[in-house]
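Hi everyone, thanks for coming. Please have a look at the sequence and the structure on the screen, and then I'll walk you through a few parts of the fold.

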Amino acid sequence: MTAWQNERTVEDVAHGIRRRVFEHTIRNNGGYLSQACSAAEQLAWLYHDELRLGPPTLPMIPEPFGGVPSADNAGYRTGAGYNGPAAPQYDRLFIAPAHYALVAYATLIETGRMAPEGLEMFNRDGSSVEMIGAEHSPGMEVHNGTLGIGLSTAAGLAWGRARRGDTGRTWVFMSDGEVQEGQTWEAIQAAAHHRIDSLYAIMDVNDQQCDGAMSSVMDVRDIKAKIEAFGGVAVWIDGHDPDAMRRAVAIPHEGRPLILLARTDPARGMPPLMARFPRLHYVRFKSAEERARMNREIAEALGTDPVSLEDA
Amino acid sequence: MPEMVNRPYEAAFEAHALANPDVLCLSADLTSSCEIDRFRDNHPDRFLSLGMAEQNMLSFAGGLGLAGFRPFLHTFGVFLYRRPYDQLVASIAYPRRKVRLMGFLPGVTTPGGMTHQAIEDISVMRSIPNMTVLETGDATEVESICAAADSIDGPVYARVLRGSVPRLFDTPIEVGKMRELAHGGDVLVVTAGIATEEAMRARAALDRAGLSVRHLHLNTIKPFDAAALLDHIGSVRHGVVTLENHVTEGGIGSLVAETMADAGIGKRLVRLGLRDTYAHGGSRAYLMRYYGLDALALVRGIEGLVGEEFGIAERDLDAARIDAVHSDVKAEAL
């Protein structure tokens with residue numbers, strides 16, 4: 001048993017993710033808090049249970065920003081090493097909605113792949129732990145901040161890996177908002193056409209996007225029917241139920257990508273957050289009073305202590 | 001009349017791909033139009049049809065690059081950057097994937113009008129960090145473009161000529177090295193792509209009129225050998241004229257202007273090309289005349305630079321080659 005494996009349950013890891021993101025958001029007077037509510041079980045399940053990953057290859061405390069890729073930057077590397085080495089037998093994971101980075105970083109900490117100090121570097125100038133995950137940020141391998149490109153990139157990687165005989169899968173954590181981008185459908189049709197079945201995705205269907213509820217911004221209708229019409233295999237699951245994820249990933253999908261549609265609650269574990277509905281994309285408290293109240297009420301909901309704001 | 005070579009890309013790509021197992025052939029529904037239909041038929045295991053879905057194709061190619069492959073993307077140049085610009089930057093350029101973007105029908109070499117004519121591609125590609133930009137000007141350069149592009153440790157955009165292509169040079173592209181085609185001391189002419197053939201036509205007439213032209217052909221637009229250009233500028237009396245199959249903003253005219261300004265060169269520069277305009281559909285010869293991209297336009301530009309008229313008319317220029325519109329090489333077809 002090593003640092004990146006432990007006896008905890010997925011539910012316990014998910015609770016830890018929520019707590020870390022909550023504490024961070026209160027301390028910094030803002031953050032992608034709702035994304036922790038909706039995605040905690042999905043990322044906990046991926047990292048703790050489902051993904052076959054090797055031990056991390058990069059320092060537990062992230063190194064500062066080391067420059068962007070260029071012919072002159074010989075020492076450049078991505079943050080993929082937090083997911084372990086890119087070996088043929090291991091899985092790869094892209095976090096397609098890069099603004100979930102805070103939640104992804106919290107997951108790395110909860111699964112022993114990054115030191116808690118890493119989160120203190122979040123969104124600090126000169127840090128690699130960026131607010132919108134960059135490819136040099138912990139756990140990231142490609143830039144995904146522009147929504148819709150993740151699944152295409154993963155399809156290409158999966159095709160290439162299968163061609164080379166790799167047994168590892170290529171996974172994408174997606175968000176429902178990005179299905180508004182036509183590229184998502186281009187990617188699914190290409191993956192089906194080329195029979196790329198080592199491609200897997202789990203999509204956080206929380207019905208939220210920057211402007212508010214998706215149904216009010218641009219209704220995407222029946223995502224499952226659309227995925228299947230484009231040639232993929234899709235299954236609806238309860239996005240807070242790890243057992244449902246375990247059953248869904250076993251569904252046969254020969255020659256087709258498998259996409260788990262995880263229906264989620266954007267305030268799961270933190271019901272007081274619904275006072276902000278439908279503006280949940282990025283939570284910034286409007287007043288000291290609201291911040292103090294959220295600190296008290298969400299801490300109570302999570303069964304933890306409020307964050308000390310004396311030094312905040 | 002130069003020797004005309006039929007479909008030089010077809011055999012050149014096949015030979016390069018067969019010698020390089022990590023090279024893949026990608027197409028976006030323009031397979032015969034990009035001269036890779038025979039490759040598709042002979043080597044289906046090396047060919048990936050990505051359909052009319054360029055946004056996906058560019059990100060997908062980024063994924064193939066991440067897996068260690070060197071995909072060659074084949075479509076019209078315009079479709080490699082206008083629609084999928086975000087994917088070009090995020091999935092290919094930023095991470096320096098070894099993706100080779102083979103852009104066919106550059107500028108007015110297509111009669112397809114605005115939607116098909118890549119007239120600002122060099123400007124766009126030049127401004128993207130990590131991108132290498134190459135352009136072919138004859139059959140020999142088309143024959144060597146695959147090896148040249150594939151030698152680059154990073155992404156490459158190449159303007160590729162297709163169909164019936166004249167052979168002007170007898171040595172392959174050396175990335176980063178401009179060709180010195182004439183060594184005169186009065187005016188420096190800088191061209192790339194199909195503009196080079198036009199400048200060669202104009203040169204003979206200008207010689208007869210007593211003007212000594214120095215002529216450079218660029219096949220490597222980025223990175224650019226500024227020192228070599230400055231040496232040539234220093235060797236001519238009057239100044240520089242550029243002619244390009246592209247808008248005059250951001251292309252080789254701008255490249256020369258930037259180089260001169262950076263070095264504080266006080267000589268005159270005349271930039272010829274599409275002047276802040278789109279083109280419409282028509283034959284290549286018609287479009288080059290209409291928009292001032294041909295040999296005669298170059299002569300007039302040089303006259304403007306030196307302040308002298310040489311009395312050169314169309315009949316004094318070497319015969320333009322005539323492409324049969326409906327020939328088997330599909331010179332005009334889409």
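Before we start on the helices, a word on angles: a helix axis here is a line fitted to the C-alpha atoms over the stretch in contact, and angles between N-to-C directions run from 0 to 180 degrees. Do keep in mind that this is a predicted model.

Let's begin with two helices of chain A. The axes of α1, residues 10–28, and α2, residues 33–50, come within 8 Å and cross at roughly 140 degrees. So how do α1(A) and α2(A) lie relative to each other? Angles over 145 degrees would count as roughly antiparallel, and α1(A) and α2(A) are therefore oblique. Their crossing is right-handed. Among the residues making this contact are Val13(A), Ile17(A) and Phe22(A) from α1(A), with Ala36(A), Ala40(A) and Trp45(A) from α2(A). By class, the contact has 13 nonpolar, two polar and three charged residues.

Now the sheet. Five strands of chain A form an open, parallel sheet, in the order β1-β2-β3-β7-β6. β1 (92–95) and β6 (233–238) are at the edges with a single partner each, so one side of each has no neighbour in the sheet. From one strand to the next, the twist averages 20 degrees. For β6(A), the pairing with β7(A), residues 258–263, is parallel and has six bridges; Ala234(A), for example, is partnered with Ile259(A).

Finally, the two chains. Their contact takes 23 residues from chain A and 26 from chain B. On the chain A side, α5(A) gives the largest share, 10 residues. That side has 10 nonpolar, nine polar and four charged residues.

Terms used
Residues are numbered from 1 along each chain as its sequence is written. Chains are lettered from A and ligands numbered from 1 in the order in which they are written. This is a predicted model: local features need pLDDT of at least 70, side-chain atom pairs count only at pLDDT 80 or more; totals for chains, interfaces and linings use all residues. Two residues are in contact if their C-beta atoms, placed from the backbone, lie within 7 Å. Helices (H or I, at least four residues) and strands (E, at least two) are DSSP runs, numbered from the N terminus. Ala, Val, Leu, Ile, Met, Phe, Trp, Tyr, Cys and Pro count as nonpolar, Asp, Glu, Lys and Arg as charged, and the others, Gly among them, as polar. Angles under 35 degrees count as roughly parallel, over 145 as roughly antiparallel, 65 to 115 as roughly perpendicular and the rest as oblique. A crossing is left-handed if the near helix is turned anticlockwise from the far one by less than a right angle, and right-handed if clockwise. Two strands pair if DSSP finds at least two bridges between them.
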